[in-house]
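Biologist: I am new to this structure and would like to know what stands behind each label. Please show the sequence and the model before we start.

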Amino acid sequence: MRLRLAEGTAPVLVVLVALLVGLAIAGPAYDSVEGYLALLKRAAPLMILAIGQYFVIVSGGFDLSVGALVTAGVVIAARMIDGQESATAWVILLVLAFGLLVGLVNGLIATKLLVPSFIVTLGMLLVLDGAVFLWTGGAPRGALSEGFRQFGRGSVDVPVLGEVPYSVLILLVILVAAALFMRSGTGRALVATGDNDQAVSLSGGRVDRLRLLAFVLSGVLAAVAAILLGGFAGVSAQVGEGLEFRAITAVVLGGVLLGGGRGSVVAATAGALSLEALFTLLNLLGVAGALESAVQGVIIIAAVAYAALGPRTRFRTSRQPAPTQ
Amino acid sequence: MQEKPLPVRATPPEPRTRRFALTPTVIVYLALVVLLIVGSVLVGLRGGVLLDQAGLLNIFTRATALGLVAIGQTIVILTGSLDLSVAYLVGLTSLVAAETMAGQDGMIVPGVLLALAVAAVVGLVNGLVITVLKANAFIATLGVALILRGYLEHNYTGPAGDVPRTFQHLGYDRIGPIPVAALLMLAIAAACWWFLTRSRPGYHVYAVGGDIEVARLSGVRTRRTILTAHVLCSVAAGFAGIYLASRLGSGAPYVGTDAVFDLESIAAVVLGGTLLAGGRGGVVGTIGGVFILATLDTTFDALAVDPFFKDVVRGVVLITAVALYARRMVGRSP
């Protein structure tokens with residue numbers, strides 16, 4: 001395997017390194033490995049969501065339902081486990097299966113009923129949010145078991161690095177698997193689908209099946225993120241709020257083209273880490289919480305504008321978002 | 001590059017009815033009628049009346065603010081863009097209007113004008129980021145939304161400003177069961193309909209949404225069209241903010257986001273049969289979509305249904321409607 005950076009990866013890595021250097025200067029906690037591991041641990045759920053979102057975006061769609069899906073996953077887990085340690089294993093399977101099911105429904109409606117994915121997943125967001133509140137009456141009941149929370153908070157002793165959080169290990173496994181997948185034939189076909197689905201279809205690719213796969217992967221990864229967030233942040237009906245936009249932002253920050261066909265999964269993940277590092281840095285610098293979103297807004301626009309106007313961009317007509325089809 | 005008076009062959013907004021064509025616009029109004037009948041029957045079974053004075057008032061009031069935002073959203077979506085900043089903009093303009101008025105009758109006109117000017121500037125920024133910085137509309141308007149949010153969160157903790165009593169008439173006066181503001185909203189919708197279907201810039205909107213490259217090569221100033229669309233969209237959201245300020249008696253920073261106007265307005269537009277990718281659809285359908293959402297809400301309130309159930313139904317209605325339209329599109333163009 002040649003080691004080369006995929007197209008569009010370099011800018012986000014530069015941004016990431018700059019942010020990490022900034023962290024090292026600004027915060028005393030970031031002069032050791034633990035500080036960075038803690039950052040990774042905090043960022044892991046968003047990075048996993050970004051990987052899922054990447055699959056959907058690169059194949060030419062959107063998944064707006066992941067935030068609601070994370071909330072649903074956490075609320076379901078808390079209600080089903082209800083503090084019982086013995087229930088942990090099957091509830092984890094249940095949450096993953098639920099994510100898979102939601103992804104499957106998203107994908108089937110988008111591909112078979114030809115509804116733009118923006119609308120499908122927006123509808124799914126409304127349905128999931130409504131259903132969660134309907135089921136819980138606004139205040140989630142039940143509690144997670146200690147075993148369940150281990151994934152989000154626990155850590156394991158690794159030589160050299162010290163205590164490595166489980167969530168970081170899970171993230172690494174998923175990231176490596178995703179990167180390998182994107183190098184496989186199916187992964188390449190997925191990107192090609194986002195670029196020109198007719199060409200893929202004419203050359204024998206199964207466009208519908210590829211898109212369906214992207215939504216299913218996004219759903220399952222959102223469920224994984226829900227398991228990590230449930231342990232890390234605890235149970236609430238707001239745990240997934242706004243995560244869909246944050247994940248999309250992360251992916252775009254990683255240089256992935258909305259509309260599909262361009263971008264690498266590693267860069268998308270780096271985008272998510274950059275976003276989290278940015279939040280941390282803003283906190284350290286004492287930027288008031290309220291202004292944080294304004295800074296975030298400016299930076300997103302700047303990053304995308306840089307990607308669009310940057311020196312080495314190839315000519316490409318900048319289509320407005322054309323979700324699927 | 002001089003704009004030539006050549007008519008641009010855009011997709012005609014309303015396909016000429018050869019026979020009785022079942023266009024999305026027709027479907028959405030049929031659905032509205034069916035919904036009104038079903039709603040009336042259901043509410044009737046529980047011993048109430050859906051379409052009495054109070055019910056109609058309720059439907060129209062709900063439709064007014066969302067309608068204003070959705071009219072603007074229609075124009076940007078038709079150009080193939082979209083605007084995620086409207087929800088915060090509604091809050092911002094309500095504050096600008098109420099704070100400028102500060103309870104004085106004499107400041108009503110300056111308050112309204114200033115709010116609309118602020119809205120126009122935000123629209124201009126949206127448009128410039130998209131056309132000059134070449135940022136994707138989704139990200140550009142999301143970024144602007146975040147900036148507005150930061151400003152609102154930094155400067156306001158709750159309602160501010162004071163709307164004089166005279167101006168509150170705008171929010172509460174009505175002719176029979178129909179609020180004056182709803183009629184104004186419909187008048188703005190009619191103006192937009194005229195703009196989109198009868199004026200040259202309106203045709204350019206469809207041309208740019210249909211295929212931006214083809215439009216550009218045919219001499220349409222695509223940048224200017226997108227800029228105009230975004231300014232109009234933001235001004236429409238500004239009207240919504242002013243209306244809400246007059247109803248609430250003050251400006252409220254989160255009045256737009258609490259109502260999820262960003263996603264809700266996109267839902268209304270798409271429900272009305274406008275293609276999310278742009279180039280096809282129109283304001284008439286959007287108004288139908290807005291009234292469907294308002295009627296659903298009012299019916300559920302009358303039935304005392306759990307408010308969260310509304311979201312579930314709304315999601316299902318949205319997906320079903322678009323699936324239906326998609327089916328019809330396939331029949332037309334393989």
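**Labels and their cut-offs**

Modeller: For chain A, an unreviewed UniProt entry places the feature "transmembrane region" at residues 50–77, 89–109, 115–137, 158–181, 212–235, 247–273 and 285–309. UniProt positions are given in the numbering used here, feature names are shortened, and annotations may be inferred rather than shown by experiment. This is a predicted model, in which local features need pLDDT of at least 70 and side-chain atom pairs count only at pLDDT 80 or more, while totals for chains, interfaces and linings use all residues. Residues are numbered from 1 along each chain as its sequence is written, and chains are lettered from A and ligands numbered from 1 in the order in which they are written.

Biologist: What is the make-up of residues 50–77 and of residues 158–181 of chain A?

Modeller: Residues 50–77 of chain A are 75% helix and 0% strand, with end C-alpha atoms 22 Å apart. Residues 158–181 of chain A are 67% helix and 21% strand, and their end C-alpha atoms lie 27 Å apart. Helices (H or I, at least four residues) and strands (E, at least two) are DSSP runs, numbered from the N terminus.

Biologist: What makes strand 1 and strand 2 of chain A a pair?

Modeller: Two strands pair if DSSP finds at least two bridges between them. Strand 1 (residues 155–158) and strand 2 (residues 162–165) of chain A have four bridges, in the antiparallel sense, so they meet the definition. Ser155(A) has Pro165(A) of strand 2 as its bridge partner, and Val156(A) stands opposite Val164(A). The two strands form a hairpin with three residues between them, and Val160(A) in the turn has a positive phi of about 75°.

Biologist: Why is helix 11 of chain A called largely enclosed?

Modeller: A residue is buried if 20 or more other C-beta atoms lie within 10 Å of its own, exposed if 12 or fewer, and partly exposed in between, with C-beta atoms placed from the backbone. Ten of the eleven residues of helix 11 of chain A are buried, so the rest of the structure largely encloses this helix. Among the buried ones are Leu243(A), Glu244(A), Arg246(A) and Leu253(A). Just after this helix, Gly255(A) takes a positive phi of about 80°.

Biologist: How do you know whether Val260(B) and Ala304(B) are buried, partly exposed or exposed?

Modeller: Val260(B) has 16 other C-beta atoms within 10 Å, so it is partly exposed. Ala304(B) has 9, so it is exposed. Val260(B) lies in the loop between helix 11 (255–258) and helix 12 (261–271) of chain B, and Ala304(B) in the loop between helix 13 (283–302) and helix 14 (307–332) of chain B. Although not a glycine, Val260(B) has a positive phi of about 50°, and Ala304(B), also not a glycine, has one of about 55°. Most residues other than glycine have a negative phi.

Biologist: What makes a set of residues a nonpolar core?

Modeller: A nonpolar core is a set of buried Ala, Val, Leu, Ile, Met, Phe, Trp, Tyr and Cys residues joined through C-beta atoms within 7 Å. The largest one has 218 residues, of which Ala50(A) and Val69(B) touch the most other members. Helix 10 (residues 207–233) of chain A supplies the largest share of this core, 17 residues.

Biologist: How many residues of each chain take part in the contact between chain A and chain B?

Modeller: Two residues are in contact if their C-beta atoms, placed from the backbone, lie within 7 Å. The contact takes 44 residues from chain A and 45 residues from chain B. On the side of chain A that touches chain B, helix 13 of chain A gives the most, with 14 residues. By class, that side has 32 nonpolar, nine polar and three charged residues. Here Ala, Val, Leu, Ile, Met, Phe, Trp, Tyr, Cys and Pro count as nonpolar, Asp, Glu, Lys and Arg as charged, and the others, Gly among them, as polar.
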